[in-house]
Amino acid sequence: MTRTYRICLLPGDGIGPEIIAEGCKVLDAVGAKHGAAFSRTEALIGGCAIDACGTALPDETLAAAKAADAVLLAAVGGPKWDTTDPEKPRPEQGLLGIRKELGLYTNLRPVQIFSALAGASTLKPEVIDGVDLMIVRELTGGLYFGRRERFYDEEGGGANGARGQRAYDTLEYREYEVERIARQAFEAARKRRNKVTSVDKANVLETSRMWREIVHRVGAEEFPDVELEDLLVDNAAMQLVNRPADFDVLVTENMFGDILSDEAAQITGSLGMLASASLGDGVALYEPSHGSAPDIAGRGIANPLAQILSVEMMLRYSFDMADAADDIRRAVTEVLDEGWRTGDIKQADTPADKVVGTARMGDLVAEHL
Ligand code: NAD
């Protein structure tokens, strides 16, 4: 029997509508092969929502997202909506708003090298050979959400007793927040190579000492089959470029994860290839890691592969369709191995007749399915 999944599509701005169309093409191809159907509703988010409704996250969009089994987003933003006026709506408010409203506390960012694209990395081929890691970042706690204040310190103080501005941000975690992100990391590792590296700063920070203790308890009690190691964040930053192929799943708090996931993304050298998933306890959201690329919007040349790989993640994490997800990855790998490239990933030796546009790249992946 064919199972039907409901997907809320949020094309957003810039290249968003172009690349999400290719994601849908691949969804239909993989569904036909693996006995699933995907019904879709489309809603506004970001700049297009500001134009139509005056807000980046209209109520109808949130309702459509909550009613779906998963949300597939493309990208938001563009120069048209850039403003420094705090009173004006901004496209990113749509993204932050939907993450908060759906309670998406986990961000998964896989980093994988397609061997056909190894030349795009700034690292040596022997260092990046076999890289296949996943950053699991806590997304709704820690330093970015703690108490913060900036004020003028009349009393003065410090080494020279001078009066002046003072500011602080607070890094706080609660036990349940660490437990649930640890579980997500261990679960992800079970679907991969069974190894978790927990990244903290336990030699300095009390939150990190608690983090480490809780991650070890959750691991020992619920995931004894998964290998667990600890790494201090400064060392992790070095090891990510030194021996990236040794990592499977890295789990870490919000700010460390923000920084390390961008560092890890650069290992591949191809922004147009990186997908991400944001998970909570309900509906999850899948999107490319790149933005709306306004400089190339509407020209049919954007790379749809990060969007297609976010469909792969959706099948894997929301619908438990690992075989179908593997199939998409195989199809993308084959298309790249055959030498097909969009403009952003073409190399100096790519023949002109192998450079294709957005829709053709989507067709190729669908054909390989
Ligand atoms: P960007 O990722 O949109 O673009 C950076 C560069 O990469 C550009 O040259 C672009 O053409 C290229 N690029 C990105 N994706 C591509 C693809 N799929 N195929 C081919 N080339 C691609 O980042 P930016 O230029 O800093 O930001 C543009 C807009 O996107 C801004 O308004 C920004 O706020 C927004 N943004 C949105 C998200 C999101 O929706 N999650 C993330 C980052 C930036």
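This is a predicted model: local features need pLDDT of at least 70, side-chain atom pairs count only at pLDDT 80 or more; totals for chains, interfaces and linings use all residues.
**Exercise 1. Which residue in β9 stands opposite Val 199?**

Numbering starts from 1 along each chain as its sequence is written, and side-chain values use heavy atoms, with hydrogens and water left out.

*Solution.* 
- Step 1: Helices (H or I, at least four residues) and strands (E, at least two) are DSSP runs, numbered from the N terminus. Two strands pair if DSSP finds at least two bridges between them.
- Step 2: Find β8 at residues 195-200; β8 pairs with β9 in the parallel sense, over six bridges.
- Step 3: Look across from Val 199, and you land on Leu 231 in β9.

**Exercise 2. Work out the strand order of the open sheet, and name its edge strands.**

*Solution.* 
- Step 1: Walk across the ten strands: β2-β1-β3-β12-β11-β4-β5-β10-β8-β9, with mixed pairing.
- Step 2: Check the ends. β2 (36-42) and β9 (227-232) are the edge strands, as each pairs on one side only.

**Exercise 3. Describe the surroundings of β1.**

*Solution.* 
- Step 1: Start with β2: seven bridges join β1 to β2, and the two run parallel. Arg 6 has Ser 39 as its bridge partner in β2.
- Step 2: Turn to β3 (residues 70-75), which pairs with β1 in the parallel sense over five bridges. Here Cys 8 has Val 71 as its bridge partner.
- Step 3: Follow the chain. β1, helix α1 (residues 16-34) and β2 make a right-handed β-α-β unit. Right-handed means that, with the strands pointing away from the viewer, the path from the first strand over the helix to the second runs clockwise.
- Step 4: Seven of the ten residues of β1 are buried, so β1 is largely enclosed by the rest of the structure. (Buried is under 20% relative accessible area, exposed over 50%, partly exposed in between, using a 1.4 Å probe and protein chains only.)

**Exercise 4. Why do the rings of Tyr 5 and Phe 38 count as stacked?**

*Solution.* 
- Step 1: Recall the rule. Rings of Phe, Tyr and Trp (its six-membered ring) pair if their centres lie within 6.5 Å; planes under 30 degrees apart are stacked, over 60 edge-to-face, and the rest tilted. By this rule there are five aromatic pairs.
- Step 2: Apply it: the centres of Tyr 5 and Phe 38 are 5.9 Å apart and the planes at 20°, so the pair is stacked.
- Step 3: Tyr 5 lies in β1 (residues 3-12) and Phe 38 in β2, so the pair ties together parts 33 residues apart in sequence.
- Step 4: Check burial. Tyr 5 is buried at a relative accessible area of 8%, and Phe 38 is buried at 9%.
- Step 5: Widen the view: ring pairs link Tyr 5, Phe 38 and Phe 319 into a cluster.

**Exercise 5. Which charged residues sit over the ring of Trp 340?**

*Solution.* 
- Step 1: The test asks for NZ of Lys or CZ of Arg within 6 Å of the ring centre and within 35 degrees of the ring normal.
- Step 2: Lys 354 lies over the face of Trp 340, at 4.1 Å from the ring centre.
- Step 3: The charged end of Arg 360 also sits over the Trp 340 ring, 5.6 Å from its centre.
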